[in-house]
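Thanks for coming. Please look at the structure while I talk.

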Amino acid sequence: NGMKKLVFVCLGNICRSPMAEFVMKSMTNKYEIESRATSSWEHGNPIHKGTQGIFHEYQIPYDKHKTSLQMTREDFESFDYIIGMDASNVSDLRQMCPVDFQDKIYSFAPESVPDPWYTGDFEETYLRVQQGCQTWLNYLEKEEEHGKD
C-alpha cells in the first residue's frame, strides 16, 4: 500500500520510542507507525511501567503486548522515515544502517528527548514527545501537499 512507514528508535525500545509510537498513532491513522531499539538490551521486554503510566494518565491507547525489538536490515529497507529519539540513537542508527538507506535517518527533534530510564521524569519526556510528534505530523502533511514521495 502507499502508506508512509515511520519507525521511532531509541536505545531500548521500552520508554521513549514506544511513547512516540503510540502518541503519534493517537494523533493520526494516515501512516504505518512502529518503534524499535538500537540495542538488544531490553529485547522481548514490555513497555516500561513509567511509559504505560503516561498512556493511562493521558488516555493514549497502546498495545499492551508490545515488546522491545531491535532494528534489522529489513527495517532499514522497509521504513520511509527512521527517527532517532536522541543524538546518540541517530549516530548508532547511522553506524548500523546499510549505506543505501542513510538518507532515511532523521532526528526526532532539534533537542534530544531525555531518556526517562535515567532521568525518572516520564512527564518531561511525554511533553517533548508530544511536541515532536506534532512537528512530525506537520512536516509529513507538508510533504504530501508538495507531492514528494
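Helices α2 and α6 make a right-handed crossing. This is a predicted model, so please hear everything I say as a description of that prediction. The axes of α2 and α6 are 10 Å apart, and the two helices pack at an angle of about 65°. Which residues meet there? From α2 we have Gly50, Thr51, Ile54 and Glu57, and from α6 we have Phe122, Glu123 and Tyr126. Sorted by class, the contact of α2 with α6 holds three nonpolar residues, two polar ones and two charged ones.

Next, the other partner of α2. Helix α1 covers residues 16-27 and helix α2 covers residues 49-57; their axes come within 9 Å and cross at roughly 20°. Angles under 35 degrees count as roughly parallel, so at that crossing angle α1 is roughly parallel to α2. The handedness of this crossing, with α1 passing α2, is right-handed. On the α1 side the residues are Pro18, Met19 and Phe22, and they meet Thr51, Ile54 and Phe55 of α2. What does the contact of α1 with α2 consist of by class? There are five nonpolar residues, one polar residue and no charged residues.

Thr51 and Ile54 of α2 come up in both lists: they meet residues of α1, and they also meet residues of α6.

Now the sheet. It is open, has four strands in the order β2-β1-β3-β4, and the pairing is parallel. Which strands lie at the edges? Those are β2, residues 32-37, and β4, residues 105-107, and each of them pairs on one side only. Ignoring direction, neighbouring strands of this sheet are turned by 30° against each other on average.

Inside that order, take β1 and β3. Strand β1 runs over residues 5-10 and strand β3 over residues 81-84, and they pair in the parallel sense over four bridges.

Helix α4, residues 87-96, touches β1, β3 and β4, and its direction makes about 170° with that of β4. Helix α6, residues 122-145, also packs on the sheet and touches β1, β3 and β4; the direction of α6 makes about 160° with that of β3.

Definitions and conventions. Residues numbered from 1 in each chain as written. Predicted model: local features only at pLDDT ≥ 70, side-chain atom pairs only at ≥ 80, totals over all residues. Heavy atoms only, no water. Axes fitted to C-alpha atoms, helices over the stretch in contact; angles between N-to-C directions. Parallel < 35°, antiparallel > 145°, perpendicular 65-115°, else oblique. Left-handed = near helix turned anticlockwise from the far one by under 90°. Contact = heavy atoms within 4.5 Å. Nonpolar A, V, L, I, M, F, W, Y, C, P; charged D, E, K, R; others polar. Pairing = 2+ DSSP bridges.
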